[in-house]
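Subject: Structure for your files

Hello,

The structure we spoke of is below. My notes on it follow, beginning with the domains.

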Amino acid sequence: MTDRRPKVVGFCCERHGMDAAVLAARSGRQYDASVRVIQVPCSGRVDGLHILKAFEDGADAVFVIGCLEKNCYYDTGSIEGRKRVEYVKGMLAELGIEKERVEMFNAASTNAWAFPEAASKMVEVAKRLGPLDMGGDTR
Amino acid sequence: MIVAKRKPMNEIAEMVAPYKNITVIGCRSCVAICLAGGEKEVKMAASALKVKNRKEHRDQQFETLVVERQCEKEWVKEVEDKILGADVVLSMACSLGAQTIADMYPEKTVFPGLNTGFLGVPEEQGVWSEKCVGCGDCIIHLTGGICPVARCAKSMMNGPCGGSSNGHCEVNLDIECAWYAIHERLKLQKRLDLIEKVMPPKDWSTGHYGGRRTYVREDARLKQHQKKGKEAVQ
């Protein structure tokens with residue numbers, strides 16, 4: 001645990017992911033100010049390189065939030081997004097970096113709780129593991 | 001094409017750990033097609049190493065670039081300054097690319113970022129399979145276009161072994177029995193008589209077992225004065 005505010009980056013698909021975030025805001029649900037949201041056309045557009053760049057540039061945890069897998073606006077975008085996340089998890093694990101620092105979430109635009117829940121979970125992970133450049137956990 | 005696979009990142013990180021300036025060079029040919037050492041993979045490997053460095057407070061500089069074909073000297077020559085300016089070169093091409101750089105600049109340390117696998121083809125997106133071992137004496141005109149040397153686990157030359165079962169190989173049931181496939185293919189082509197043709201023991205000396213191979217085409221070679229002229233142009 002550390003007092004430093006964690007840096008969490010959330011890649012949010014502009015369809016259900018972003019709609020869920022907007023609905024959360026409209027319904028007065030809050031999420032941690034540590035989360036920086038990056039809107040992308042589709043979670044399938046998120047490349048492993050985008051996730052790694054976020055870590056490289058200071059993120060302690062990264063998440064991708066896309067449509068529900070069977071209700072994706074672009075059919076298979078969120079499935080592709082999950083595959084990229086899994087690949088990066090593998091790369092981080094090989095380097096001895098906690099793979100929990102990156103996660104994929106799915107949301108429907110009507111789930112007002114989905115975005116704040118994902119954001120809180122990742123902030124919690126970042127706090128628990130500590131800042132990446134402070135060594136984090138050694139697992 | 002040559003099919004390769006990225007080495008585990010921890011292995012790469014360990015190799016480059018003592019060096020400060022690292023040039024990561026990919027290749028736009030085979031290894032880009034098998035998603036191991038193209039532009040994106042080069043950038044991802046460098047980025048992952050930077051993330052590790054961020055965690056461990058290590059200061060390393062990475063230069064990433066990709067050449068058209070790393071196994072050809074002309075293309076490597078184009079990035080000579082980046083190679084000479086680095087403490088170490090991490091080649092994200094097949095072993096041929098890495099060895100080309102190592103042979104051209106023997107004073108430079110070159111590390112392989114990939115494990116070179118086999119001569120194969122892309123079966124579908126994300127799947128590559130071995131189809132040739134480069135034995136130097138192709139016989140697929142007798143086997144319906146299917147190579148028993150590469151595709152049979154035992155490189156049987158005259159029909160399947162006793163382990164063939166329902167068209168699958170005993171070594172791994174996910175692998176199709178090459179000789180079953182050859183039989184089906186020849187049947188389709190109405191050339192089944194070929195299956196009865198007895199092949200003599202294979203001469204392996206044309207393959208790697210006969211030592212390192214070099215092919216020369218005298219008509220294509222440059223004379224000494226032509227070489228000098230080419231060098232002068234360069």
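The domain assignment of chain B gives two parts: domain 1 covers 2–118 and domain 2 covers 135–234. Their centres, taken over C-alpha atoms, are 31 Å apart. Please keep in mind that this is a predicted model.

In chain B I looked at helix α8, residues 178–188. Its buried residues are B:Ala178, B:Trp179, B:Ile182 and B:His183. Seen down the axis of α8(B), these fall within an arc of 140°, so they line one face of the helix. They pack against α7 (148–151) of chain B. The face of α8(B) turned away from the buried side carries B:Lys187 and B:Leu188, which are exposed. Just after α8(B), B:Lys190 has a positive phi of about 55°.

In chain A there is an open sheet of 4 strands with parallel pairing, in the order β2-β1-β3-β4. β2 (35–40) and β4 (102–107) of chain A are the edge strands, each pairing on one side only. On average, neighbouring strands of this sheet are turned by 20° against each other, direction ignored.

Strands β1 (residues 8–13) and β3 (residues 61–67) of chain A run parallel and are joined by 5 bridges; A:Val8 stands opposite A:Ala61 in β3(A). Helix α1 (residues 16–26) of chain A packs on the sheet and touches β1, β2, β3 and β4 of chain A, with its direction at about 115° to that of β1(A). Helix α2 (residues 48–56) of chain A lies across β1, β3 and β4 of chain A and runs at about 150° to β3(A).

Regards

Conventions. Residues numbered from 1 in each chain as written. Chains lettered and ligands numbered in written order. Predicted model: local features only at pLDDT ≥ 70, side-chain atom pairs only at ≥ 80, totals over all residues. Domains from an automatic or database assignment. Buried ≥ 20, exposed ≤ 12 C-beta atoms within 10 Å, placed from the backbone. Helix = DSSP H or I, 4+ residues; strand = E, 2+ residues; numbered from the N terminus. Arc of directions from axis to C-beta. Contact = placed C-beta atoms within 7 Å. Pairing = 2+ DSSP bridges. Axes fitted to C-alpha atoms, helices over the stretch in contact; angles between N-to-C directions.
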